[in-house]
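This report is meant to be read beside the sequence and the coordinates. Please keep both open while going through it.

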Amino acid sequence: AAELTALTGLARIAFERGDLDRSRELNERVAALSEQRGDRWNEAHARNNLGSIEFSVGDPGEAVRHYLRATELFQQIGQRAGAITPLTNVAIAQKHLGQYDDAAATLDRALAECVQARDR
């Protein structure tokens, strides 16, 4: 777990410095290691981070793919509150793709996750 924490920290630093290729490489490593270890929580965070990188470089379609995988992983481990951020990110990317109805539906889904997380 400490290795994944360190790699994630390095990926965040690279992202903040604008070194998106390095951040992508590190997040992909975290995602792969997490998947191998069955660590869905760290994989979900890495997938959300990868989505943010792809969105930043102008590929909202690829970003959606990562965000949806992050959402799925959070839901698999019962972290409904964790799914809210990637779902919101999906809606933002959908808006940029001109998919306004899909974005509204995704925000409705995020709201439902908020309600269910609150009621737990």
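## Basis

The structure is a predicted model. Residue numbers start from 1 along each chain as its sequence is written.

## Helix 2

Helix 2 has 18 residues, which at 1.5 Å a residue should span 26 Å; the C-alpha atoms at its ends are 25 Å apart, in agreement with that figure. Its buried residues are L20, S23, R24, L26, N27, V30, A31, L33 and S34. Helix 1 and helix 3 are among the elements that cover them. Just after helix 2 comes G38, with a positive phi of about 70°.

S23 is a residue of helix 2. Its relative accessible area is 1%, and because buried means under 20%, S23 counts as buried. Apart from neighbours within four places in sequence, S23 is in contact with A11, A14, F15 and I53.

## Helix 3

Helix 3 covers residues 40–56. The residues buried in helix 3 are N42, E43, A44, A46, R47, N48, L50, G51, I53 and E54. These pack against helix 1 (2–16), helix 2 (20–37), helix 4 (60–76) and helix 5 (80–96). G58 follows helix 3 and has a positive phi, near 95°.

N42 can also be placed relative to T5, a residue of helix 1. The two, T5 and N42, are 37 residues apart in sequence, while their C-alpha atoms are 8.5 Å apart in space. T5 has a relative accessible area of 55%; exposed means over 50%, so T5 is exposed.

## Nonpolar cores

The largest nonpolar core consists of eleven residues: L4, L7, A11, L20, L26, V30, A31, L33, A46, L50 and I53. At least two residues of this core come from each of helix 1, helix 2 and helix 3. Helix 2 gives the largest share, five residues. Leaving out neighbours within four places in sequence, L26 is in contact with L7, L10 and A11.

## Helix 5 and its partners

Helix 5 packs with helix 6 (residues 100–118) at an angle of about 170°, and their axes are 8 Å apart. Angles over 145 degrees count as roughly antiparallel, so helix 5 and helix 6 are roughly antiparallel to each other. Their crossing is left-handed. On the helix 5 side the contact is made by R80, A81, I84, L87, T88, V90, A91, Q94 and K95. On the helix 6 side it is made by Y100, D102, A103, T106, L107, R109, A110, E113, C114, Q116 and A117.

How do helix 3 and helix 5 lie, roughly parallel or roughly antiparallel? Their axes come within 11 Å and cross at roughly 20°. Since angles under 35 degrees count as roughly parallel, helix 3 and helix 5 are therefore roughly parallel to each other. Helix 3 passes helix 5 in a left-handed crossing. N48, S52 and F55 of helix 3 make the contact with T85, P86, N89, I92, A93 and H96 of helix 5.

Terms used: This is a predicted model: local features need pLDDT of at least 70, side-chain atom pairs count only at pLDDT 80 or more; totals for chains, interfaces and linings use all residues. Side-chain values use heavy atoms; hydrogens and water are left out. Helices (H or I, at least four residues) and strands (E, at least two) are DSSP runs, numbered from the N terminus. The expected span of a helix is 1.5 Å times one less than its number of residues. Buried means under 20% relative accessible area, exposed over 50%, partly exposed in between (1.4 Å probe, protein chains only). Contact means heavy atoms within 4.5 Å. A nonpolar core is a set of buried Ala, Val, Leu, Ile, Met, Phe, Trp, Tyr and Cys residues joined through side-chain atoms within 4.5 Å. Axes are lines fitted to C-alpha atoms, for helices over the stretch in contact, and angles run from 0 to 180 degrees between N-to-C directions. Angles under 35 degrees count as roughly parallel, over 145 as roughly antiparallel, 65 to 115 as roughly perpendicular and the rest as oblique. A crossing is left-handed if the near helix is turned anticlockwise from the far one by less than a right angle, and right-handed if clockwise.
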